[in-house]
Amino acid sequence: MVDLEMSLDIKKIRADYEVLSKKVGGQLPIYFDNACTTLRPASVIKASQTYYTDHPACHNRAVHKFGKQTTKEYEAARSTVARFLGADKPQEIVFTRNTTEGINLIANGLDFKKGDIVLTTNMEHNSNLIPWQMLAMEKGIVHKLVDIKKDDQAFDLESYKKIFTEGKVRLVSVFHTSNVTGMSLPIKEMVQIAHENGAFFLLDAAQAIAHQKINVKELDVDFLAFSFHKAFGPSGFGSLYGKFELLQKLKPLLYGGETVLDADYTSFTFAETPYRLEAGLQNYAGAIGGAEALRYIEKLGIESFHQHEVKINQFITQELLKHSSIEILGPKEAELRSGILNFSVKNKDMGELSILLDESKNIMTRSGFHCAHAWFHKENLPPTLRLSFSVYNTQEEAETFVSVINQIIQFY
């Protein structure tokens, strides 16, 4: 097997993250909460800062030198996102605050009618559940669910197909990779089935964007949303991809500055797409830093990211499965969970366990329902402990975690 830490030069990569070299209580941090948010490399932080240090002005509306530079960098970032996703043109990229806003833009912009069916899995993040519940209450849409159980090793395409025979589905909206179990869905096949039945397809790529190559043309998705904070980029910045002819038909989520070209007291003229969907002053530092984050991923190679994360996941998984008291959610094979390992320990409080890991060795994890409360309630599951890995995590960190968790299970 190739030594991935050597091929990726993990020591050099870790040097890009100043926070990893800062001791807390005399110990270095072990950051295993990447599914919540990744750390940011120095190049992304520096790129974001250039907006404030070099051209801190509005884009588009300002014609002075600062404004022109901001406009140039903002649109260059849009082009970078389009290229990274394999979109036809930059105008197919709408800048948002995060994945949540992107999904809500579709939920409020597609002009759903009473009786329209929206199909999701039953294991979606709240951001891909609550918008459809609200539309069911406000407009009378029908929200249908494809069932995924805690022990499922793969997605049941036959159950998915069957739902299309039960009524006219307007939209399918699902995760690419689950933030709960780490399982990935067969998106290309699901898109084909949706399109054969006249449905649009919205992909929540939040957990996949920094772990596997995504090409919107190859997948043929109609819409895709993601957040940069899960891909080494700034907080409060995201993107929504949409096929241009569909974006043209979307109703904006917000109205105001930059969404119009002209207005009087009784009418207005919308700006062109995507600008009519981007209301108000934008997060320019986020756009510049986000573009740098995507270049960072491209430079290191996303395939190497995936292999490295799986290697760490495999090691910890094998060690955890030695304990009969531990239950892992989702596929038991680490390679099917990419960088996520979510588990519970019989008769242990996972919140307390997370605190013990943090206080003993600065091992930072996430406990709880992971924004998938409905699924946890359905499966009658207690809160779990989630580890999530990234390119800067090491075998040594994994061994430290295993050593600590073994002691906790034995003595706590």
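**Burial and aromatic contacts in a predicted model**

Q: Why is F232 called buried in this predicted model?
A: F232 has a relative accessibility of 0%. Buried means under 20%, so F232 counts as buried.

Q: What makes F232 and F305 an edge-to-face pair?
A: Among the 21 aromatic pairs, F232 and F305 have ring centres 5.7 Å apart and planes at 85°. Rings pair if their centres lie within 6.5 Å, and planes over 60 degrees apart count as edge-to-face; therefore the pair is edge-to-face.

Q: How do you know that this pair links distant parts of the chain?
A: F232 is in the loop between β7 (223-227) and β8 (238-242), while F305 is in helix α12 (residues 302-320). The two residues are 73 residues apart.

Q: Why is F305 called buried?
A: The relative accessible area of F305 is 0%. The cut-off for buried is under 20%, so F305 is buried.

Q: What makes F369 and F376 an edge-to-face pair?
A: Their centres lie 5.4 Å apart, with 70° between the planes. The limits are within 6.5 Å for a pair and over 60 degrees for edge-to-face, so F369 and F376 form an edge-to-face pair.

Q: Why is F369 called partly exposed, whereas F376 is called buried?
A: F369 has 23% relative accessibility, and F376 has a relative accessible area of 0%. Buried means under 20%, exposed over 50%, and partly exposed in between; therefore F369 counts as partly exposed and F376 as buried.

Q: Why does S390 count as buried, and where is S390 found?
A: S390 has 1% relative accessibility, and the cut-off for buried is under 20%, so S390 counts as buried. S390 is found in the loop between β15 (384-388) and α15 (395-411). Not counting residues up to four places away in sequence, S390 touches N34, T38, F232, H308 and E309.

Q: How do you know that the charged end of K89 sits over the ring of F244?
A: The charged end of K89 is 4.0 Å from the centre of the F244 ring. The distance limit is within 6 Å of the ring centre, together with an angle within 35 degrees of the ring normal; K89 is listed as sitting over the ring.

Q: What makes R170 a residue that lies over the face of F112?
A: R170 lies at 5.2 Å from the ring centre of F112, and the distance limit is within 6 Å. R170 is accordingly described as lying over the face of F112.

Terms used
Residues numbered from 1 in each chain as written. Predicted model: local features only at pLDDT ≥ 70, side-chain atom pairs only at ≥ 80, totals over all residues. Heavy atoms only, no water. Helix = DSSP H or I, 4+ residues; strand = E, 2+ residues; numbered from the N terminus. Buried < 20%, exposed > 50% of the residue type's maximum accessible area, 1.4 Å probe, protein only. Contact = heavy atoms within 4.5 Å. Phe/Tyr/Trp six-rings, centres within 6.5 Å; stacked < 30°, edge-to-face > 60°.
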